[in-house]
Amino acid sequence: MSAPELSPGVPSGPAAGVGAVPAAAGPAAVPTARRGRRSLAARVVEVGAAVVVGLVVLVTLVGPWLAPADPYRVDVTAGLQAPGTGGHLFGTDAEGRDVLSRVLTGGRETVLSTLLVIAVAALVGTAIGLAAASGPRWVDEVLMRICDVFLSVPSLVLALGVAAVLGPSLSSAVIALAVTWWPGYARLVRSVVRDTLQLEYVAAARVLGVSRARLVRRHLLPSIGDTLLVQTTVDVAAVILVISGLSFIGVGAQVPSAEWGAMVADGRSYVVTAWWIVVVPGLAIAVTAVAAQLLGDALRTRLDPTLRNRR
Amino acid sequence: MLRFVLRRLGLTLVVLWGLATLVFLLIQLLPGDAARTAAGRNASAAQIEAVRERLGLDEPLPVQYVLYLGRLLHGDLGTSVFTTQPITSDLADVAPSSIELVVAAMLVNLVVALPLGVLAAVHRGRLGDLVARLVAILGNAVPVFWLGLVLQFLVGARWGLLPISGQLDREHRVPTVTGARTVDALLAGDPAAFGNALQHLVLPAVVLAAPFIAVVTRTLRSTLIGVLEAESITVVRAKGASPLRVVVRHGLRNALIPTTTIVGLQLGWMLGSTVLVESIFARQGIGSYATAAVVQTDTFAVIGVVLVVGVVFCIASLVVDLLQLWLNPRLRTAAR
């Protein structure tokens with residue numbers, strides 16, 4: 001064990017373990033005879049995850065056109081219809097709106113805001129991580145302490161505070177979550193870049209007199225690309241849970257929005273009489289999050305040469 | 001070693017100061033008049049001016065900042081516009097109920113995650129491992145607020161196994177001493193009420209624990225695998241120790257050190273997650289206080305919760321780091 005870790009925070013969310021522990025760390029010890037079967041099963045899971053992620057992206061892009069009915073049309077006479085009745089595959093909510101249409105339409109809000117949060121957090125985090133790793137020592141120290149401050153409150157709670165101050169809306173939730181999510185990326189990028197800086201090819205480039213900017217662009221950025229791709233994919237699961245959670249609490253998307261978390265909140269008073277209003281959008285969140293995690297794990301094993309060779 | 005402890009303490013203070021500053025900057029972002037927000041929606045012009053005077057909001061920003069830090073140091077988080085009580089005393093009133101829930105959830109977490117993690121590590125690539133992996137993936141994917149509602153519907157309403165909401169049924173009358181109903185029931189010497197309070201605790205605790213089980217299982221699995229591959233374990237095996245003894249006595253003892261860190265930090269995270277769980281089960285607590293404050297646009301109460309959870313989290317991670325030092329002799333040498 002190396003010197004004690006001095007940082008008071010943890011990477012990010014209760015899902016921190018996902019990033020920290022390679023999910024498929026086992027295969028090395030799998031006996032030869034079972035290898036073929038395992039990798040076939042693994043491949044099926046990978047393809048399945050990719051297909052589901054593809055479907056979610058499709059829903060995000062063209063969901064509103066796939067919706068069989070107007071997701072916002074209120075028809076109180078057709079309220080709380082069970083799935084399969086009256087031409088409503090997933091039933092209707094208390095106001096008689098078609099749940100299927102709402103899930104298809106609301107996916108756009110949920111998924112796009114999740115992706116937006118991750119994009120902003122990854123960009124800001126990468127810039128700050130790069131600055132910390134390649135800048136002078138005091139810059140590193142200051143930036144990392146700022147990260148510690150942001151990581152000193154669970155992101156859900158900090159985002160709740162920021163969104164409450166900005167005023168409840170989906171854009172507030174997105175801003176709030178982006179503000180709380182970047183330090184995880186800053187730490188990740190910093191550690192990868194610091195490792196890379198120790199490598200011989202970087203030393204060689206330096207000896208050749210490569211400028212600092214070129215060193216970062218040509219030699220450091222490519223090395224963090226893979227790590228970032230894996231982390232952003234896995235993070236979709238974590239962010240979608242928090243963003244829909246914020247909507248559920250009431251600081252994110254507001255009624256009558258069909259954002260998935262807001263839909264669950266909308267149906268909570270009817271859960272005993274009309275479970276489908278709650279179950280369907282929640283399943284949409286869970287399925288998306290599962291697929292994103294599996295895809296992230298698959299990408300990790302594919303992109304990491306050490307893990308790939310072990311398979 | 002003393003140097004390490006001092007440095008770690010200093011770092012905690014720096015982070016807490018940073019958190020206070022961050023929150024101060026956040027308050028500056030409040031749209032409109034902070035005095036109006038602090039005084040509440042229906043405040044008269046005179047009340048707003050009184051609040052402005054009291055909080056020093058017409059002073060220049062640096063002065064405001066110093067005044068604000070001073071108030072924080074005195075434990076003054078402002079006044080809730082909804083309950084009209086000091087936010088600190090509001091939070092102190094509801095905290096025991098949250099602590100009760102977090103403790104129960106942590107028990108659920110450990111009781112499920114520890115055996116599962118060991119099973120996954122020992123039976124690597126087999127059924128136990130698969131189950132652990134499934135739990136891990138679902139734990140990171142199923143929204144807790146949704147899980148809460150679904151369990152309410154299935155376990156509570158459909159099967160009628162457990163109470164859906166509240167903390168104690170009406171027929172059990174127990175004086176409120178702490179607000180943690182199990183403790184209150186014990187203090188009142190009422191075993192029936194205690195059992196009833198426990199029943200009310202089960203669903204929320206399971207729901208709150210769900211995402212955390214995944215992380216503990218994974219951490220324990222991967223560290224235990226690493227430990228069991230060490231040469232020392234081979235020696236122990238060669239000496240003829242039983243598999244159980246190898247895993248429990250030699251494997252777990254080492255593998256539990258990183259797991260303790262995670263579990264300690266999770267206490268802070270769990271307190272934060274009560275925001276999603278408590279209101280579903282109509283429980284009193286810091287989380288439901290925050291969600292109610294959001295609905296009431298009681299912004300300073302929400303900010304108060306952010307600060308309190310932050311402080312708890314910082315202290316938890318400090319304790320965890322110091323505990324590590326005590327648990328792991330190798331760190332002690334390194335920190336000397």
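Reply: The model is a predicted one, in which local features need pLDDT of at least 70 and side-chain atom pairs count only at pLDDT 80 or more, while totals for chains, interfaces and linings use all residues. Residues are numbered from 1 along each chain as its sequence is written, and chains are lettered from A and ligands numbered from 1 in the order in which they are written.

Helix α8 of chain A covers residues 212–249 and spans only 46 Å between its end C-alpha atoms, whereas a straight helix of 38 residues would span 56 Å at 1.5 Å a residue (1.5 Å times one less than the number of residues). Helices here are DSSP runs of H or I with at least four residues, strands are runs of E with at least two, and both are numbered from the N terminus. Just after α8(A), A:Gly250 takes a positive phi of about 115°.

Helix α9 of chain A, residues 260–267, packs against α8(A), and the two axes come within 7 Å and cross at roughly 35°; such axes are lines fitted to C-alpha atoms over the stretch in contact, with angles from 0 to 180 degrees between N-to-C directions. On the α8(A) side the contact is made by A:Ile243, A:Ser244, A:Gly245, A:Ser247 and A:Phe248, which meet A:Trp260, A:Gly261, A:Ala262, A:Val264 and A:Ala265 of α9(A) (C-beta atoms, placed from the backbone, within 7 Å). These contact residues divide into 6 nonpolar, 4 polar and no charged, where Ala, Val, Leu, Ile, Met, Phe, Trp, Tyr, Cys and Pro count as nonpolar, Asp, Glu, Lys and Arg as charged, and the others, Gly among them, as polar.

Chain B has 14 helices and 0 strands, and its C-alpha trace spans about 80 × 55 × 40 Å along its principal axes.

Within chain B, helix α10 (residues 231–238) and helix α11 (residues 243–277) pack at an angle of about 145°, with their axes 11 Å apart. Here B:Ile233, B:Val236 and B:Arg237 of α10(B) make the contact with B:Val246, B:His250 and B:Gly251 of α11(B), a set comprising 3 nonpolar, 2 polar and 1 charged.

Chain B is also divided into domain 1 (2–73) and domain 2 (93–335), with bounds from an automatic or database domain assignment, and the centres of the two domains, taken over C-alpha atoms, are 32 Å apart. Their contact takes 13 residues from domain 1 of chain B and 13 residues from domain 2 of chain B. On the domain 1 side, α1(B) supplies the largest share, 9 residues, and by class this side has 9 nonpolar, 2 polar and 2 charged residues.

Notes: Two residues are in contact if their C-beta atoms, placed from the backbone, lie within 7 Å.
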